[in-house]
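Colleague: Hi! Could you walk me through this one? I'd like to go piece by piece.

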Amino acid sequence: MSIQLYNTLTRKKEKFEPIEPNKVKMYVCGPTVYNYIHIGNARPAIVFDTIRRYLEFRGYDVQYVSNFTDVDDKLIKAAKELGEDVPTIAERFIQAYFEDVSALGCKKADVHPRVTESIDIIIEFIEQLIKKGYAYEVNGDVYYRTRAFAEYGKLSHQSIDELRAGARIEIGEKKQDPLDFALWKAAKEGEISWDSPWGKGRPGWHIECSAMARKYLGDTIDIHAGGQDLTFPHHENEIAQSEALTGKTFAKYWMHNGYININNEKMSKSLGNFVLVHDIIKQIDPQVLRFFMLSVHYRHPINYSQELLESTKNGLERLKTSYFNLKHRLSSSTNLTHDDEQWLNEIQEYHHAFIQEMDDDFNTANAIAVLFELSKQANLYLLEQNTSEKVIKAFLHEFEQLFGVLGIVFQENVLLDEEIEALIQKRNDARKNRDFALADQIRDELKAKNIILEDTPQGTRWKRG
Ligand SMILES: [Zn+2]
């Protein structure tokens, strides 16, 4: 059994064979930090975090690098508008990014390199490209000579001629060919800049990933990933830069996640339907958003709507309830039941089915369907009069392990009905004993878990808030 993954480069599912056995070098293009991330940025963060977790679960040692673009046109524009400097804005949104994605259950990368801390390696990279004839300087700008790289277009499956037909030279650009792209941009008056052999300036966008990936992961990496919109020109340009410099394959596998639509419309600034993660996770449990993103195969488009989120929330709630019912039953289970083997075998089958789905190009949608089946079996088992500790533990282990691969952790914020009743009884006893402090404490504890109490002449009633 091996992992198969879809490679944008070959447009085929391929057997995953990393360069070094058991080691995976993975580079995921990160955000430009001029604002809070929107849910379109959250998708690659969640998808590739899950793929990383799955590779680790399958025994690989994963080295994961994801960059921050902390200087570019958008940041310079934002700095002007806000009357702040670029590093202040970048720092603020890097911290906000960490807060948002950690709420979404994403682990930190092994390295999060920033452009402003990588200027020396970027300059060195560009100098070598010039030396090899792949780049040229014009009045302080440096451009990549696209026609010098014969394989240009191989990732996005377009020919140089097709591409050239669609490209334009913008006013003020001094490049020789419309397809050439900037490696270094001369500083305009008052802009943030660094000294270079070509005068004061800053890097173009694409060069940072080539330079950072090489520094932290080497000349050839296993998986290079990002949103589908990065395939062209960003990733195409990364290949041109890196492969021209090293003469080696830059990345063995290229993975791209699909778009997000909002209520079946494309998300765009002009339509005003941008959903920021920062805002939305105040309204919905971030785990629900994560689970929602994983409920569709990563290469397919995903439609974001209130109704779909609501049904995801209900689904996740059902799974959680199974899990906590299993936990609750653990204390009253014995080791004296006769049909353990049959149940343990069945649980193993679900375990293998999950792996089979994930091995097939990380099909989280089908893997989640397996988890719903597992939960159904658990519910069925819980109907039995006598349950075995061994079987309950095996169910719990699978829940924890497989949901853990998806980055979903069940927290104890769901109280079962019987636990609520027990707490209410305890509170009534406390009130009878005139221990009002304890009674109030129990009321507050329940309130914190969204359980509202109402004292009536007939006794205490409760409802979920
Ligand atoms: Zn990149």
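Modeller: Happy to. Keep in mind that this is a predicted model. Let's begin with an open sheet of three strands, ordered β12-β11-β13, with mixed pairing.

Colleague: Which strands stand at the edges there?

Modeller: β12 (265-266) and β13 (302-304) do; each has a single partner strand, so one side of each is left without a neighbour in the sheet.

Colleague: And in what sense do β11 and β12 pair?

Modeller: Strand β11 (residues 260-262) pairs with β12 in the antiparallel sense, over two bridges. Within that pairing, Asn 261 stands opposite Lys 266 in β12.

Colleague: Which helix lies across β11 and β13?

Modeller: That is helix α9 (residues 286-294), which runs at about 145° to β13.

Colleague: Switching to the metal: what coordinates the zinc ion?

Modeller: Cys 29 (SG), Cys 209 (SG), His 234 (NE2) and Glu 238 (OE) do, at 2.0 to 2.4 Å. Along the chain, the donors follow the spacing C-x179-C-x24-H-x3-E.

Colleague: Where do Cys 29 and His 234 sit in the chain?

Modeller: Cys 29 is in the loop between β3 (23-28) and α1 (39-57), while His 234 belongs to helix α7 (residues 231-246).

Colleague: Next topic, α11. How does its span compare with what its residues should give?

Modeller: It agrees: the 20 residues of α11 (residues 340-359) should span 28 Å at 1.5 Å a residue, and the end C-alpha atoms are 29 Å apart.

Colleague: Which of its residues are buried?

Modeller: Among them are Trp 343, Leu 344, Ile 347, Tyr 350, Phe 354 and Met 358. The buried residues of α11 pack against β1 (4-7), α1, α12 (364-382) and α13 (389-405).

Colleague: What comes just after α11?

Modeller: Asp 361, which takes a positive phi of about 55°.

Colleague: Last one: is His 328 buried or partly exposed?

Modeller: His 328, found in helix α10 (residues 306-330), counts as partly exposed because its relative accessibility is 34%.

Colleague: What is His 328 in contact with, beyond its sequence neighbours?

Modeller: Leaving aside neighbours within four places in sequence, His 328 is in contact with Leu 416, Glu 418 and Glu 419.

Definitions and conventions:
Residues are numbered from 1 along each chain as its sequence is written. This is a predicted model: local features need pLDDT of at least 70, side-chain atom pairs count only at pLDDT 80 or more; totals for chains, interfaces and linings use all residues. Side-chain values use heavy atoms; hydrogens and water are left out. Donors are N, O and S atoms within 2.8 Å of the metal (3.2 Å for Na, K and Ca); water is not among the atoms, so sites may look incomplete. Helices (H or I, at least four residues) and strands (E, at least two) are DSSP runs, numbered from the N terminus. Buried means under 20% relative accessible area, exposed over 50%, partly exposed in between (1.4 Å probe, protein chains only). Contact means heavy atoms within 4.5 Å. Two strands pair if DSSP finds at least two bridges between them. Axes are lines fitted to C-alpha atoms, for helices over the stretch in contact, and angles run from 0 to 180 degrees between N-to-C directions. The expected span of a helix is 1.5 Å times one less than its number of residues.
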